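Here are my notes on this model, point by point. Please read them with the structure open.

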Amino acid sequence: MLRGRPRLPPVSVAPVAALAVALLSSLSRCSLLEPDDPAASALSPYFGTKTRYEDANPGLLRDPEAPRRDPELLQDACTPVQLVALIRHGTRYPTAKQIRRLRQLHGLLQARRGGGAGSASAGGRDLGAALADWPLWYADWMDGQLVDKGRQDMRRLALRLAALFPALFSRENYGRLQLVTSSKHRCVDSGAAFLQGLWQHLHPGLPPPDVADMECGPPRINDKLMRFFDHCEKFLTEVEKNATALYHVEAFKTGPEMQNILKKVATTLQVPVHSLNADLIQVAFFTCSFDLAIKGVKSPWCDVFDIDDAKVLEYLNDLKQYWKRGYGYTINSRSSCTLFQDIFQHLDKAIEQKQRSQPVSSPVILQFGHAETLLPLLALMGYFKDKEPLTAHNYKEQLHRKFRSGHIVPYASNLIFVLYHCKNAKTPKEEFRVQMLLNEKVLPLAHSQETASLYEDLKAHYKDILQNCHSSKECELAKVNNTSDEL
């Protein structure tokens, strides 16, 4: 048990059985999530990249469409002239791989009946029986597609940003919006839903037209920008396809923390421990998160785990993100240089147009991608870096780590660059300032902790990335010398 952290009391058989009876007798076989439900609120901060946006931004639970103006945002003498936003897609279905694993686990629970496992109590059946009867409604076709809740995530984000920056998201600028997206359907659909939310803001009460008929046009697909990792040969060879690159992830799966959970879950579900593995345990945990995020329900899968389990499973997920998308390998972040430079090219162009007293041609640039798009970029910029690397062997030392993917890149997460033109500047250099927002909160500069920067100072700080990081060179595999000196 972790010191200073209250552990949930063990679940007794009778309450679990009573819960199962109530669940199974309902029409939809699911209990609506109560806002103050202790189990759901206890586990939801630990779902990693499967975290709901509102759990990373709790104020949205009360009013999801109200803009939340960070008091650190510049105002008065400084006027926003351009906004560049990188946005992760909204809530999605599990991938086909995750669904297959869930089906395997579900089959294991159903098979236990034939072996006589599970004993009925005075109050009803055990948790394993409740899970065996819990509807497995996920199908292979879903495979990571955007869900209705994900579209709602995007529409609401559009409403909040439009209310926060009304001059940029104006009717006059609507036709000048520039949208770029990954080719994945969940990203394309997220961009379309964002446009529908913006239409709702600009034309309240009017149904939005088809995205293809909107003045700004549909999002433009650019995978070299939004899925840069798929186009980086060095990353693909040394990380993505390298069986040893995720050594710490695999080692943690067989380490004491995960093995303790494995034994506990086997006992709880009354299945042989050898029939379970870390991947099945993780998909069970994620199923709790998917049911919550997609349907807003608390499923019995959540009752399998307590907070201490959740922290271990969150760390397992963070280990993967750290070594595959974060600071684990230099190429993870350096492969995102093209995207970083693209952002500053937009900002440069806007400044040049303002200096020539011309209207900014693209006041809003929206780029829809993935957690895998945002994490490398944030690492490139120096954010959320811990003093020691995350490894399979320092779980306890990393309990208070900075790198927590659920706090950084939940569903619908967003990294926003806002360029301001400031009046009464004493020098031309002081005319233009930049702020960054992560998930609608001002993100202090990684190198100074200031909440705003002169644009030229920010460029100077990232000079090496802007001038010397070239994807063609960074992603090039080292040439192997096959010649031999032997006679």
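**Notes on the predicted model**

1. Start with Lys50. Lys50 sits in the loop between helix H2 (38-43) and helix H3 (53-56). The model is a predicted one, so treat what follows as a reading of a prediction.

2. Is Lys50 buried or exposed? Lys50 has a relative accessible area of 7%. The cut-off for buried is under 20%, so Lys50 counts as buried.

3. What does Lys50 touch, leaving aside residues up to four places away in sequence? The list is Arg92, Gln98, Phe286, Ser289, Phe290 and Tyr411. The C-alpha atoms of Lys50 and Ser405 are 9.1 Å apart, while the two residues are 355 residues apart in sequence.

4. Now the protein overall. There are 21 helices and ten strands. Of the 487 residues, 55% are buried. Take the contacts with a separation of 6 or more: 79% of them join residues 24 or more positions apart. The accessible surface is about 22200 Å², and carbon and sulfur atoms hold 51% of that area.

5. Helix H12 (residues 256-269) packs with helix H14 (residues 307-324) at an angle of about 130°, and their axes are 10 Å apart. H12 is therefore oblique to H14. The crossing of H12 past H14 is left-handed.

6. Which residues make that contact? H12 supplies Glu257, Met258, Ile261 and Lys264. H14 supplies Asp309, Val312, Leu313 and Leu316. By class, the contact of H12 with H14 holds five nonpolar residues, three charged ones and no polar ones.

7. Next, backbone checks. Most residues other than glycine have a negative phi. Asp143 is not a glycine, yet its phi is positive, about 20°. Asp143 lies in the loop between helix H5 (127-133) and helix H6 (148-164). The relative accessible area of Asp143 is 39%, so this residue is partly exposed.

8. Where is Ser357 placed? Ser357 is in the loop between helix H16 (337-355) and strand E6 (364-369). Ser357 has 69% relative accessibility. The cut-off for exposed is over 50%, so Ser357 counts as exposed.

Note on methods: Residues numbered from 1 in each chain as written. Predicted model: local features only at pLDDT ≥ 70, side-chain atom pairs only at ≥ 80, totals over all residues. Heavy atoms only, no water. Helix = DSSP H or I, 4+ residues; strand = E, 2+ residues; numbered from the N terminus. Buried < 20%, exposed > 50% of the residue type's maximum accessible area, 1.4 Å probe, protein only. Axes fitted to C-alpha atoms, helices over the stretch in contact; angles between N-to-C directions. Parallel < 35°, antiparallel > 145°, perpendicular 65-115°, else oblique. Left-handed = near helix turned anticlockwise from the far one by under 90°. Contact = heavy atoms within 4.5 Å. Nonpolar A, V, L, I, M, F, W, Y, C, P; charged D, E, K, R; others polar. Areas by Shrake-Rupley, 256 points an atom, 1.4 Å probe, with all protein chains shown as cover.
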